[in-house]
Amino acid sequence: MLDKTFDPKTAEPRLYQAWEQSGRFAPVDDPAAEPFSIVIPPPNVTGSLHIGHALNNTLQDVLIRFERMRGKAALWLPGTDHAGIATQMVVERQLAESGNQSRRDMGREDFVAKVWEWKAKSGGTIVNQLRRLGASCDWSRERFTLDEGLSAAVRRVFVQLYKQKLIYRDKRLVNWDPHFQTAISDLEVEQREVDGHYWHFAYPLEDGSGEIVVATTRPETMLGDTAVAVHPSDERYKALVGKAVRLPIVNRPIPIIADEYPDPEKGSGAVKITPAHDFNDFAVGKRHSLPMINVFDDFARLNDNVPPEYRGLDRFAARKKVVEAFEALGLLREIEKTKHTVPHGDRSGVVVEPYLTDQWYVAADVLAKPAIAAVENGDTVFVPRHWEKTYFEWMRNIQPWCVSRQLWWGHRIPAWYGPDGKAFVEETEAEARRQAEEHYGRPTELKQDEDVLDTWFSSGLWPFSTLGWPDQTEDLRRFYPTHTLITGFDIIFFWVARMMMQGIHFTGEVPFKRVFINALVRDAEGKKMSKSKGNVMDPLELVDDYGADALRFTLTAMSGQARDIKLSRQRIEGYRNFGTKLWNATRFCQMNGCARAEGFDPAAVTAPLNRWIVGETTRTAQAVTAALADCGFGEGSEHLYRFIWNQFCDWYVELAKPLLQGDDAAAKAETQATTAWVLDVILKLLHPVMPFITEELWLATADLGAKRGEGGYLMTARWPDLPSSLIDAGADAEIALIIAAITEGRSVRQGLNVPPSAQPALLVVETTAAQRAVLEANAALVQRLLRVSEVSFVDAVPAGAIPYVVEGATLALPVAEFIDIAAERARLTKEVAALTGEIAKISGKLDNADFVSRAPEEVVDENRERLADAQAAKAKLEEALSRLGAAG
């Protein structure tokens with residue numbers, strides 16, 4: 001017999017260990033089985049499970065468990081990313097806290113060894129946390145982006161792209177993090193709004209005829225100015241174009257140029273151009289062949305390209321000194337306070353500098369073309385489809401991809417330099433030396449490039465490098481292309497696009513057939529979670545408090561396409577109660593002898609109630625199957641919830657009690673067998689979403705005669721494939737009438753405040769012959785569940801009775817003796833008036849375009865929800881008023 005309650009704290013680790021030890025997370029070894037593969041978006045090896053991970057990995061697990069039960073060779077390949085900056089930062093911080101040598105004191109080889117040591121001890125945290133969530137990955141195939149096999153793939157790709165002239169070295173602007181002294185990607189840049197100033201500086205014309213005023217938020221960069229730009233249509237400056245100003249402090253002449261970049265309506269309409277320290281200015285400099293003068297070193301201190309008194313100053317100290325110099329020269333025209341966004345390194349927290357350096361670049365525009373065509377042709381489909389627009393917009397405007405990073409932890413660039421700086425790019429140092437000897441005519445000492453590759457370069461190979469490429473392995477042949485990628489919208493550019501470009505270029509096939517973009521998890525009020533707001537929800541704490549199943553069902557149920565998830569503990573608690581409801585229903589059925597009969601045929605049941613539940617089970621199985629196959633996770637969960645809670649637990653179990661506890665042995669046996677069959681189907685359908693409680697129920701009820709899946713585990717049981725022939729329209733109509741009569745009767749009672757203790761009669765006024773027969777046959781059942789004194793058949797609705805229509809039949813409840821009709825009418829009228837006022841107030845806000853445009857999105861959504869709730873409540877009250885009117 002089942003325990004009274006399900007205890008996730010003891011059951012979950014026990015069940016997960018049994019699953020993993022059984023080896024059934026691996027794909028079935030059956031050549032005839034259709035392959036279905038997913039590669040995990042590899043979390044950073046430094047990471048801990050956050051709520052976004054919980055959503056993303058829950059949806060992957062739902063899909064992989066579903067396809068595994070459908071008999072496919074389902075592979076969910078796990079792994080972690082070496083996460084260059086993040087991991088290096090963790091180890092450097094540990095070194096600093098322990099008082100040991102710094103990275104540079106240790107030297108590269110010893111430092112990298114230290115990082116590997118840290119990885120061996122602490123790098124598996126998030127992997128173990130995924131296990132707590134129930135993730136059924138094939139851990140025997142777990143990969144790491146610095147594994148030797150993946151490193152070989154990275155070297156092969158880099159060298160091939162270089163020899164195809166698709167990787168090259170160039171001097172361009174990058175996002176430079178002065179703390180880590182490395183270029184970083186746009187994804188690693190966080191825009192923060194800060195209080196700042198516009199300093200308005202006057203630049204004297206070289207001929208002494210006047211001045212031109214520019215404004216800047218970064219005075220220190222003016223030391224690298226190489227032009228002043230004005231818009232060609234700006235009449236104020238037309239006569240100045242082609243002339244020069246003398247750059248103050250530096251005393252260097254720089255030209256005044258005409259370019260489309262300046263906005264005549266903004267400031268003075270003239271802008272200083274510093275091509276080496278601003279991305280827009282860099283583009284202007286390219287168009288006009290301007291000099292590019294870098295005034296910073298790697299630490300964002302001023303270098304030797306500035307006057308001697310500024311050299312070695314920190315950028316912010318230099319800013320102060322420049323402003324003082326302009327003031328002293330009488331050229332400071334205005335200081336204007338402003339709020340503006342300033343880029344910061346998301347790991348270091350320091351201000352990021354646009355910085356001109358030599359870096360390695362991929363010709364992303366060339367690789368993007370086939371990746372664009374693949375989505376246009378439908379070889380890869382985005383779900384929801386509107387994310388394709390985001391993908392296209394970025395891919396069609398793609399810029400060269402900077403792939404080098406000035407770090408020590410990562411894939412070192414396979415390039416070696418000769419004494420004259422010539423690069424030899426090969427997969428091994430031995431081959432580079434051979435090439436150098438051939439070039440120089442003698443053995444020559446080479447020095448390897450100090451840089452490592454952007455982590456997105458190696459993770460961009462993830463779908464095929466993890467399967468063994470460049471070797472033509474059995475896994476690569478069987479599981480590539482992968483089927484579905486589930487990921488967040490924020491890395492469409494940084495990861496999805498790179499996988500598409502590299503996958504197609506090196507394998508000739510798309511890396512995945514479908515990309516499902518999951519929602520963003522927000523707090524209960526719709527606000528983005530952040531540590532600074534204090535509204536972060538830790539998924540591990542939620543698992544501790546409610547169990548993994550409750551969290552998983554909540555995330556799955558709320559993951560409807562194209563919407564954010566407003567997560568609250570109340571929601572999770574509600575879905576925990578859903579699991580409890582199923583547990584209690586199973587326990588009740590167990591106590592009533594509901595054992596699956598050998599050879600049971602659901603098509604052969606005779607009782608209308610049993611024919612009805614067989615049909616509803618079939619509809620649900622078909623709907624859930626279709627939903628999950630199309631990544632309709634929210635829709636599938638809704639079908640499961642409605643069927644299990646409402647149709648099975650609330651109605652079937654209640655309606656079956658007379659049969660289970662009656663004297664008709666044949667009806668009892670059929671109902672017991674039917675109930676056991678339905679429970680088996682429920683457990684299978686629910687398993688992908690709530691694997692722990694369903695597996696526990698499956699194993700605990702194995703003694704009831706049900707033939708379990710391979711090895712006894714539900715996770716390997718066969719997915720229900722039920723034919724539509726099991727649906728019985730006649731039984732549906734009979735049970736629908738009974739349920740509607742009870743449901744609407746309860747609604748009448750509740751809406752009119754009829755006391756629970758009151759037991760009016762149920763009057764059957766007008767029905768078809770078939771409906772009358774159904775109500776007569778089930779009168780005792782309706783009487784008990786509706787709490788009425790009797791079911792009586794009459795010709796007309798008497799005074800004081802509330803009529804209601806269900807399934808075309810007219811029924812009535814005489815309630816006048818239990819309530820004050822006039823007082824109820826007054827109460828309902830007053831509540832309707834209050835709701836009418838509330839609806840008008842909210843509608844006024846939502847109809848105000850200014851409010852909708854200015855209010856935060858979550859506030860607008862909250863008002864829309866309040867409006868919908870008020871309108872629904874008003875409709876119910878108006879229906880109750882209408883019924884009172886019919887009662888006279």
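Pro384 sits in the loop that links β15 to α11 (387-395), where helices (H or I, at least four residues) and strands (E, at least two) are DSSP runs, numbered from the N terminus. A cis peptide bond connects Val383 to Pro384, with omega at about -5°. Keep in mind that this is a predicted model: local features need pLDDT of at least 70, side-chain atom pairs count only at pLDDT 80 or more, and totals for chains, interfaces and linings use all residues. Residues are numbered from 1 along each chain as its sequence is written, and side-chain values use heavy atoms, with hydrogens and water left out.

Another cis peptide bond, with omega of about 0°, joins Tyr480 and Pro481. Pro481 belongs to the loop between α15 (474-479) and β22.

Both of these loops lead us to a sheet. It is an open sheet of three strands in the order β15-β23-β22, with parallel pairing; two strands pair if DSSP finds at least two bridges between them. β15 (381-383) and β22 (482-488) are the edge strands, each pairing on one side only. On average, neighbouring strands are turned by 20° against each other, direction ignored. β22 runs parallel to β23 (residues 512-518), and six bridges join them. Thr487 stands opposite Ile517 in β23.

Now follow α16, which lies across β15, β22 and β23 and runs at about 165° to β22. Axes are lines fitted to C-alpha atoms, for helices over the stretch in contact, and angles run from 0 to 180 degrees between N-to-C directions. Helix α16 (residues 492-507) also packs against helix α10 (residues 364-376) at about 90°, their axes 8 Å apart. The two helices, α10 and α16, are therefore roughly perpendicular (65 to 115 degrees). On the α10 side, Ala364, Leu367, Ala368, Pro370, Ala371, Ala374 and Val375 meet Met500, Met501, Ile504 and His505 of α16, with contact meaning heavy atoms within 4.5 Å. By class, this contact of α10 with α16 has ten nonpolar, one polar and no charged residues (Ala, Val, Leu, Ile, Met, Phe, Trp, Tyr, Cys and Pro count as nonpolar, Asp, Glu, Lys and Arg as charged, and the others, Gly among them, as polar).

Finally, a look at two backbone angles. Ala83 has a positive phi near 50° although it is not glycine, and it lies in the loop between β3 (79-80) and α3 (84-98). Ser289, in the loop between α8 (279-288) and α9 (315-329), has a positive phi of about 55°.

Methods
Parallel < 35°, antiparallel > 145°, perpendicular 65-115°, else oblique.
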